[in-house]
Each structure stands twice: as structure tokens, then as C-alpha cells.
Amino acid sequence: MFCACLDYNLYMNADYMNNKFDVIVVGGGHAGCEAVLACAKLGLKVLLCTLNVDNIALQPCNPAVGGPAKSTLVREIDALGGIMGEVTDATYLQMKMLNSSKGPAVRALRAQSDKREYSHFMRNILESNDNIFIKQCCITELKVENDQIVGAVDEFGVEYSSRAIVLTTGTSLEGKIFIGLRSYSAGRLGEKAAIGLSDSLHKLGIETKKLKTGTPARIDKRTIDYSKMIIQPGDEELNFFSFKPDRPIRKTYPCYLTKTNELTHKIIRDNLDKSPMYQGLIHGVGPRYCPSIEDKIVRFASNPSHHIFIEPEGLGTYETYIQGFSTSLPIDVQIQMIRSLPGLEKAHMVKPAYAVEYDYVPAIQTTHSLMSKKIKGLFFGGQINGTSGYEEAAAQGLIAGINAFNYLNGSEMLELSRSSSYIGTLIDDLVTKDIQDPYRMLTSRSEYRLLLRQDNADARLTPIGHKVGLVDDIQYGRFIQKQQAIETESKRLETLKISATEEVNSILAKYDQHLERGIRAAELLKRPGVDYKILKELDSETKELNIPRDVYEQVDVIIKYDGYLKRQEEQVAQAGKLEKFKIPEDIDYNKIDHISSETKDKLSKIRPKDLAQASRIGGIKPADISVLMVMLDKHKV
Ligand SMILES: Cc1cc2nc3c(=O)[nH]c(=O)nc-3n(C[C@H](O)[C@H](O)[C@H](O)COP(=O)(O)OP(=O)(O)OC[C@H]3O[C@@H](n4cnc5c(N)ncnc54)[C@H](O)[C@@H]3O)c2cc1C
């Protein structure tokens with residue numbers, strides 16, 4: 001654990017005594033933590049304002065990090081010098097590589113987290129940084145002069161000044177919790193809503209809309225009969241999120257699987273008239289890929305049963321999470337529903353399930369740097385941009401934090417391309433498409449998912465993290481060494497010959513393989529079912545080299561998928577052609593002939609930075625792009 005050894009002299013005569021900071025980060029959730037740490041590590045004095053300091057980096061929904069597409073985000077955050085991967089690696093209850101038998105583009109690491117430990121660990125890291133000042137308060141107003149942010153005001157009228165502010169307010173803005181037909185003002189269970197800031201944004205000409213999300217009930221572990229459930233252990237051979245070495249190996253704990261049944265479905269159907277969703281009390285749209293259990297029962301009416309995972313929330317608590325059972329039905333109905341599940345017949349509910357409706361700021365009002373198009377120095381990151389999920393939030397918080405630094409420093413903004421990362425894809429989608437439901441990262445959102453894998457996030461982004469200043473020289477040195485080792489080993493396997501001896505064939509027979517004649521090791525690796533571990537069995541030199549796992553796994557992927565990777569690289573080069581057509585910021589689309597007024601409206605609202613982004617805006621036709629291309633080519637705009 002980190003020790004907060006503060007040097008009092010550092011704090012003498014400091015601006016913080018006059019409430020002056022370089023940056024203010026509003027919100028201590030996953031986005032806020034990355035933003036505040038990035039700024040602080042880059043040398044800025046940062047004020048972190050949050051509604052409850054005991055809830056820093058809280059996981060208000062599932063106690064887990066990673067999973068499909070999200071694991072790639074966490075690795076990308078780590079490669080850029082963010083913190084989420086390290087905190088997850090330090091506080092896991094279980095690690096599991098999902099889709100391990102499938103291709104590398106869809107393999108996904110998932111950690112079951114110790115929720116409280118995660119939060120404490122993160123808070124400790126923040127408190128150990130002399131540049132970070134934490135304050136429990138609710139920011140209600142932003143101060144702006146000549147379209148430049150100059151500060152913020154809290155609920156008690158205390159003013160703070162800074163020329164960059166990052167808003168990461170999660171589900172708190174005008175948040176309203178629903179349980180059955182009852183509702184009350186709150187951002188999440190046990191935490192008040194942030195009232196006032198939305199109005200302040202409206203006065204600045206920034207639009208907000210409503211979304212909703214929900215979470216399942218928590219039950220007391222001592223009242224669960226696990227013998228009626230199927231145990232779900234984690235992996236024995238552990239993988240981690242951070243590319244940094246050396247972390248403590250922890251004891252791991254299982255999850256359990258149970259299922260809904262006809263009785264559960266009947267209880268839900270019989271009580272739909274008590275659902276705030278079905279009674280039209282909630283207007284915000286919920287997460288399409290994470291529906292409530294009542295949504296699942298209604299939408300997939302022919303499905304007789306749904307998987308429900310029972311997950312521990314931490315070692316220091318009996319609280320247990322019921323994954324897949326999010327609902328906003330009344331508490332008495334929730335108890336009946338829970339007790340209809342095998343193993344939960346006597347369950348005691350510690351916390352009820354609920355839905356929350358909140359304001360978000362559609363991200364088409366920001367640029368790829370996550371800075372507001374209207375107000376200079378005002379950045380947005382996380383759920384406030386219309387996303388859902390800790391990893392999505394952390395990724396945006398990191399970019400917003402880095403760019404708050406770049407803005408103050410007069411440096412070029414960090415805008416990641418779609419072909420560089422899922423982070424780039426996520427942000428491009430947010431600022432380009434008018435998102436209507438909470439956006440969650442999915443592998444299918446990327447056109448380059450073979451190139452954007454969790455295993456090569458370091459190769460894609462560590463040089464950028466080092467250039468930005470968040471990846472230190474030691475980690476960068478390790479990265480360079482690893483890349484050199486991958487190259488050396490790949491080259492060696494191009495020339496290494498595996499002979500078709502009896503001994504070789506008897507080993508290969510175990511894997512349904514056979515050699516008629518000698519073959520280069522790289523060629524053999526391309527065969528389905530053959531991997532580097534098998535090569536080690538076949539060739540004593542390969543075994544003796546004892547190449548580290550992270551290196552040989554990369555070699556394996558690079559050789560095996562060589563053809564596909566090259567094809568995708570060509571695709572990136574093709575897309576790059578449109579990216580070269582930069583669109584002037586002050587372009588007047590109304591003066592362009594031959595495009596419809598609907599297209600003009602969309603382009604004027606989103607103001608794409610180049611033709612590639614313009615082509616991704618929903619409803620923009622290839623013919624419109626051709627017109628724009630001709631105009632840009634002839635400099636007629
Ligand atoms: C009920 C519920 C259900 C969810 N369900 C899912 C799910 O199914 N799947 C999923 O992936 N994600 C889910 N999430 C979302 C997930 O929790 C968030 O996506 C993630 O935590 C967002 O991170 P964030 O940093 O943007 O915001 P948060 O983690 O919410 O943090 C926001 C922070 O801002 C602070 N804050 C807000 N306003 C102010 C203000 N004016 N002044 C000072 N501080 C302020 C708050 O105190 C809080 O610390 C759910 C969240 C909730 C609450």
C-alpha cells in the first residue's frame with residue numbers, strides 16, 4: 001500500500017490556500033480518478049471535488065473490471081500511463097480470461113474486484129500525490145469569462161479558480177432513483193444528486209439530455225445456499241491488466257451460477273404495472289446491452305430461463321452481487337423474485353435494486369480532445385458523455401486529463417485515431433454519432449478489431465504515453481526490450497527448421513498434426529491448433545531460450561494472423577486517405593451547393609475535423625462526401 005508521507009514545506013505559500021488551482025476535476029469516480037492523476041503526474045496542481053470522499057472510485061454496479069472490449073480499454077489506459085489496470089491487479093478476487101479458446105481479437109480478461117479495497121487503494125494513490133487536493137463538495141456553477149472557463153462554485157458559495165475544469169459527474173446530475181413507483185433525488189444509492197450544475201451548463205448554451213441505468217440488489221452471503229448453484233472458478237494461470245511487472249499474487253475466490261425459472265418470470269410479468277419503466281415514469285433510455293431483468297423477460301418472452309451470476313463484493317463484507325438481475329420493481333416484488341432463484345430461497349436482501357435517471361451532455365458538443373466546442377478549458381469525461389461502464393469512463397477521464405494539461409500548456413491535443421485504439425474508437429463514436437442510449441464499448445464497434453487487441457495495447461500506445469509524460473523511462477525501457485525480444489524471436493522462427501522425425505511426429509500426433517517433410521517453425525505455427533507451447537515441446541533450443549510468456553504469446557499471434565493483420569493494415573491506409581482531407585473549423589456548410597439541408601444541419605452541428613469523420617456521421621451519404629472532397633480539393637470553401 002502507498003503511504004501518504006506529506007512534506008509540509010511543499011504546501012507553504014501555496015495557491016491552494018486561495019482556492020486557486022491549475023485544474024479542477026469534478027467527480028471522484030473512474031473518469032475523475034484518471035483525470036486527476038494524469039494532471040497531477042504531469043505536474044499540475046489539481047483540486048478534486050466529489051460528493052463523498054469515502055466513495056472515491058466506487059463501483060456502484062458490478063464489482064468487476066474488464067470483459068469483452070472493456071479489457072482492451074483497461075490495457076490501453078495502462079499503456080498510456082493510466083492507473084485502472086494497476087489498481088485492478090492489486091485488488092482482484094478472481095481473474096478469468098474469457099473466450100480463451102477463441103481468436104486473440106475477442107479474448108478478454110475479466111477481474112472480479114474487491115470493491116472496497118479497489119476504492120481504498122485508489123484513494124490512497126491520490127492522497128499520496130502532493131499535487132492533488134481532495135474536497136468533499138458539490139459543484140453547482142461554472143464561471144466563464146469570454147468563453148474561457150475561469151472557475152467553479154460549490155453549494156456553499158465557495159469559489160475555486162482554474163483555467164481548466166474536467167466534469168466527470170457520472171449518474172449524479174439531477175439524478176433520480178426509482179424503486180417501484182417511488183422515486184427520490186439521488187445520484188446513486190446513499191449519495192445525493194448533484195443539483196444545479198445542469199442549469200449552469202444550460203446557461204452556457206450546453207445542452208443536456210436524460211439517460212437511465214440500473215443495478216441489481218445485494219444479498220447477504222450467509223443466506224445463500226451455494227450447493228444449489230454451479231461453481232465458477234477463476235483461472236489458475238493468472239493474467240493481469242497492467243504491463244508493469246511485479247504485483248502480489250492473491251488468493252482467488254469463485255463466483256456461482258444460478259438461473260431464473262418460470263416462477264421468477266411469472267412474478268415479474270404479474271408485477272409489470274409496478275415498474276416505473278413500464279408506467280412511463282422514466283423517460284431516459286437505458287443501456288441496450290445491459291437490460292433489466294423485466295426487459296429481458298418481456299423482450300425475450302420465449303426464453304425459459306436466464307443465467308444469473310452470484311458474485312462476491314469483497315473479503316471484508318458479506319454483501320453479494322446478483323449479476324443479470326437488475327430491476328426497478330418494488331422491494332417486496334424484488335424479494336419474491338430473488339427467493340424464486342435456486343439457492344436464494346432464504347436470501348436476505350442487504351440493498352435493493354434500483355434504476356437511476358440522470359442528465360448527460362451529448363458528446364457531439366465536444367471535440368475529439370473532449371474539450372467543449374463552446375467553452376475553452378471545459379472538458380467532459382465518463383458517464384456524463386453518454387457512456388456506461390467503469391472502463392469507458394476511465395478511458396475518457398484519462399484523455400480529458402491529458403488534454404487539460406495540453407490545453408494549459410499550449411501543446412497539441414491528444415486525439416487518438418480509430419485505428420490506434422478502442423479509446424480512439426469510443427471517443428470518435430461519441431463525438432460523431434448522436435448517441436441515444438448509454439454507450440458501451442463492444443468489439444463490433446471497431447472496424448480494426450484484429451489490430452486492436454488487449455494483448456498488443458502496449459505496442460500501440462506506450463510510445464504515446466511516454467511522449468505525453470505519463471509512462472516513465474523505466475517502463476518505457478521495459479517496453480522497448482519486449483518489442484526487441486518479439487522481433488528477434490519472430491525472425492528466429494522464420495528460419496528455424498522443424499524436421500519430420502519420428503519423435504516430432506509422435507509429439508504432433510497428440511495435437512492431430514503430422515509432418516510429411518521438414519518445415520519452418522513459423523509455418524508450423526500458422527497451422528490451427530499449433531501454438532508456441534507445442535514448439536517448445538518439439539524443439540530443445542526453443543525450450544532452452546525460455547522466452548517470457550508475454551513475448552512468445554505476441555510472437556504466436558503475429559505469425560499466426562500475419563495475413564489478416566496485413567489486410568487490416570491496408571484498410572487503415574485506405575481510411576487514412578479520407579483523414580488527409582482536413583475540414584477548416586470555420587467552414588460555412590450553408591454555402592455549399594449540391595448537399596441536402598439535412599446534411600448541412602448535421603455537418604454544422606457536429607463540425608467534423610476531416611472527411612473520414614464526416615463519412616461516419618449517421619445519414620451522411622457517399623455522394624455528400626464526394627461533393628465535400630471536390631470542394632476541399634479546390635479550396636472553394
Ligand atoms: C445504479 C447504477 C447502475 C449501473 N449499471 C451499470 C451497468 O450495468 N453496466 C455498466 O457498465 N455500468 C453501470 N453503471 C455505470 C458505472 O457505474 C459508471 O459508468 C461509471 O462508474 C462511470 O464513471 P464516472 O467516473 O463517469 O462516474 P461515477 O463513477 O458515477 O462518478 C461520478 C462522481 O462524480 C461525483 N459528482 C457528481 N456530480 C458532482 C458535483 N456536482 N460536484 C462534485 N462531485 C460530483 C460523484 O460524487 C461521483 O464521485 C451503473 C451505475 C449506477 C449508479
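This is a predicted model: local features need pLDDT of at least 70, side-chain atom pairs count only at pLDDT 80 or more; totals for chains, interfaces and linings use all residues.
Let's begin with the ligand. The shell around the ligand holds 36 residues. Ala 31, Ile 139, Glu 191, Gln 383 and Gly 389 come nearest.

Now the polar atoms. Thr 50 has a polar side-chain atom 3.0 Å from a ligand oxygen. Thr 168 uses its backbone: a polar atom there is 3.3 Å from an oxygen atom of the ligand. Gly 214 also brings a polar backbone atom, 3.2 Å from a ligand nitrogen. How much of the ligand does the protein cover? On its own, the ligand has 980 Å² of accessible area, and the protein covers 97% of that.

Who builds the shell? Helices H1 (30-41) and H9 (390-409) each give two or more residues, and so do strands S2 (46-50), S13 (209-215) and S20 (354-360). S13 gives the largest share, 3 residues. By type, the shell has 16 nonpolar, 17 polar and 3 charged residues.

Next, the second largest pocket. Its volume is about 1300 Å³. The lining has 45 residues, and Met 97, Asn 239, Arg 549, Asp 550 and Glu 553 are the closest to the pocket centre. H17 gives the most, with 9 residues. The lining divides into 14 nonpolar, 11 polar and 20 charged residues.

Key. Residues are numbered from 1 along each chain as its sequence is written. Side-chain values use heavy atoms; hydrogens and water are left out. A residue is near a molecule or strand if one of its heavy atoms lies within 4 Å of it. A polar contact is a pair of N or O atoms within 3.5 Å; within protein, one must be able to donate a hydrogen and the other to accept it, and residues adjacent in sequence count only if both atoms are side-chain atoms. Accessible areas come from the Shrake-Rupley method with a 1.4 Å probe; for residues, only the protein chains shown count as cover. Helices (H or I, at least four residues) and strands (E, at least two) are DSSP runs, numbered from the N terminus. Ala, Val, Leu, Ile, Met, Phe, Trp, Tyr, Cys and Pro count as nonpolar, Asp, Glu, Lys and Arg as charged, and the others, Gly among them, as polar. On a 1 Å grid over the protein atoms alone, a cavity is a set of points where a 1.4 Å probe fits but cannot get out, and a pocket is an open set with protein on both sides within 12 Å along at least five of seven lines; lining residues have an atom within 4 Å of a point. Grid points are joined across faces, edges and corners, and a volume is the space filled by probe spheres set on the points.
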